[in-house]
Amino acid sequence: MSTEALEALARLAGERVDHRFKGLPPDADGLTVGELAAQRRNLFTDGFATPVLALSAERLEHNLALMETYATRHGLAFAPHGKTSMAPQLFQRQIDRGAWGITLAVPHQVRVARAYGVQRVFLANELVDPAALRWISAQLDADPAFHLVCYVDSVRGVELMDTALRGARRPLDVVVELAAGEGARTGVRTETECAAVADAVAAAPTLRLIGVAGYEGEVPRADPERVRAWLHRLVSLAADFDKAGRFAGAEEIVVSAGGSAWFDTVAEVFAGIPALSLPVLKLLRSGAYVSHDDGHYRRLTPFNRVPEEGALEPAFRLWTQVVSRPAPDQAFVNAGKRDAAYDLDLPFAQVIRRDGTERPATGVSVTALSDQHAWLRTDSEADVEVGDWVGLGLSHPCTSFDKWPLIPLAEADGTVVDYIRTFF
């Protein structure tokens, strides 16, 4: 890591704690984040206010190590999607764990990554905004070590990129995005159209074609057979482009896919990529693994299909407090849509803490969210009182991180050892 990047990360510890950061102890106002972390306060007994989102230190480390091992075992380069956390501290830990670089989606995210020293970025989107393109070009020209790869998915997009980048000293590396099928999201729909986009890139002096990519998570009615068929199309596209000499001037050929639901199938198909005229960078981009979750990705993780490879562990818990118990079958806690992910599943009531004792949230379920309340259904087995802390599991990491600008990193006994800063 460069000296500048180390200094930028160190400055995060110098930020002052104040009203901007939910859940932190009110008496910590005025301390720096580093000073507060050095106090190693306990999440449950040292002044943290509910609701407060915590990230498990042990489970985070487990997940980082597991995906590093998985990628290495399968011969994959790894560029985890940074949009999941938008946390430079986690970017760096992913890179320290062998990541090739960080995947991002929009220019603002690239700016965050660059501010904290990320040297390799895979931009999984076509970028046609002139101001953003000029900024990225200036970054490339100023820093020979910076490498950015961007999608292209239309001839028109290539023309707009070329116009915005005129005068650049370094070409922008691009990959043709193959759509996951008719009615899928972005990307070029047919191989014939892919060739036309590649021809447009070849005619644009500001761009250099270095590979192909896409996102198998958008395959309509995705199942192993459909995902595998699309991945074979992607690999064949790379081989056909190579045979046609379309990667002239490249140093390696990038073939990239891999969200968080099908990376086992990506590993399987990419293992069969034939020898091409240049070395092949088999680039996996899964991002949700870093925190995993208790709902959507717990159900969809490929490790369910290949348990011998290990298992991710959900690292988030949202701690809330019972503020109303108006009926025997109903209770309310003080966290809602402003605090909890809810775009894929409602939160899950997992544990109850009372007087320092933690037990399963038997008979308790979340039925709805208001802005600042979760609605709990409580059956005859439930033991819930006003003042109890209720720990909620969450579904979908991307919409959990984005609600919390500073997240306590807590050990199993509640000792907070660090704070994770996010930038959304």
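**View 1. Strands E4 and E5, side by side.** Strand E4 (residues 120–126) and E5 run parallel and are joined by five bridges. Two strands count as paired if DSSP finds at least two bridges between them. Look for Leu-123, whose bridge partner in E5 is Cys-150. This is a predicted model, in which local features need pLDDT of at least 70 and side-chain atom pairs count only at pLDDT 80 or more, while totals for chains, interfaces and linings use all residues. Residues are numbered from 1 along each chain as its sequence is written, and side-chain values use heavy atoms, with hydrogens and water left out.

**View 2. The open sheet.** Step back and you find an open sheet of eight strands, paired in parallel, in the order E2-E9-E8-E7-E6-E5-E4-E3. Strand E2 (77–78) and strand E3 (102–104) sit at the edges with a single partner strand each, so one side of each has no neighbour in the sheet. Strands of a sheet pair through backbone hydrogen bonds, either parallel or antiparallel.

**View 3. Phe-122 in the largest nonpolar core.** The largest nonpolar core holds 124 residues, and Phe-122, Leu-172 and Phe-270 have the most contacts inside it. Helix H9 (residues 224–243) gives the largest share of this core, eight residues. Such a core is a set of buried Ala, Val, Leu, Ile, Met, Phe, Trp, Tyr and Cys residues joined through side-chain atoms within 4.5 Å. Buried means under 20% relative accessible area, exposed means over 50%, and partly exposed is in between (1.4 Å probe, protein chains only). What does Phe-122 touch, not counting residues up to four places away in sequence? Its contacts (heavy atoms within 4.5 Å) include Trp-100, Ile-102, Val-149, Tyr-151, Leu-283 and Arg-285.

**View 4. Helix H8 and its packing.** Helix H8 (residues 191–202) has twelve residues and reaches 16 Å from its first C-alpha to its last, close to the 16 Å expected at 1.5 Å a residue. That expected span is 1.5 Å times one less than the number of residues. In H8, Cys-194, Ala-195, Val-197, Ala-198, Ala-200 and Val-201 are buried. The buried residues of H8 pack against several elements, among them strand E5 (147–152), helix H7 (155–164) and H9.

View 5. You'll find His-81 in the loop between E2 and helix H4 (88–96). Is His-81 buried or exposed? At 13% relative accessibility, His-81 counts as buried. Among the residues that His-81 touches are Thr-103, Ala-124, Arg-285 and Gly-287. His-232 is found in helix H9 and is partly exposed, with a relative accessible area of 44%. His-232 and Gly-272 are 40 residues apart in sequence, and their C-alpha atoms are 9.3 Å apart in space.

**View 6. Rings around Phe-44.** A search of the whole structure finds twelve aromatic pairs. Rings of Phe, Tyr and Trp (its six-membered ring) pair if their centres lie within 6.5 Å; planes under 30 degrees apart count as stacked, over 60 as edge-to-face, and the rest as tilted. Phe-44 and Trp-319 form an edge-to-face pair, 5.0 Å centre to centre with 85° between the planes. Phe-44 lies in the loop between helix H2 (33–38) and strand E1 (52–56), and Trp-319 in strand E10 (residues 316–327), so the pair ties together parts that are 275 residues apart in sequence. Both Phe-44 and Trp-319 are buried. Ring pairs also link Phe-44, Trp-319 and Trp-389 into a cluster. The charged end of Arg-353 sits over the ring of Phe-44, 3.7 Å from its centre; for that, CZ of Arg or NZ of Lys has to be within 6 Å of the ring centre and within 35 degrees of the ring normal.

View 7. E10 and E11 run antiparallel, joined by three bridges, and a hairpin connects E10 to E11 through two residues. Ala-327 stands opposite Gln-330 in E11. Four bridges join E11 to E15, again antiparallel, with Ala-331 opposite Leu-376 in E15. Phe-332 is buried, with a relative accessible area of 13%, whereas Trp-375, at 34% relative accessibility, counts as partly exposed.
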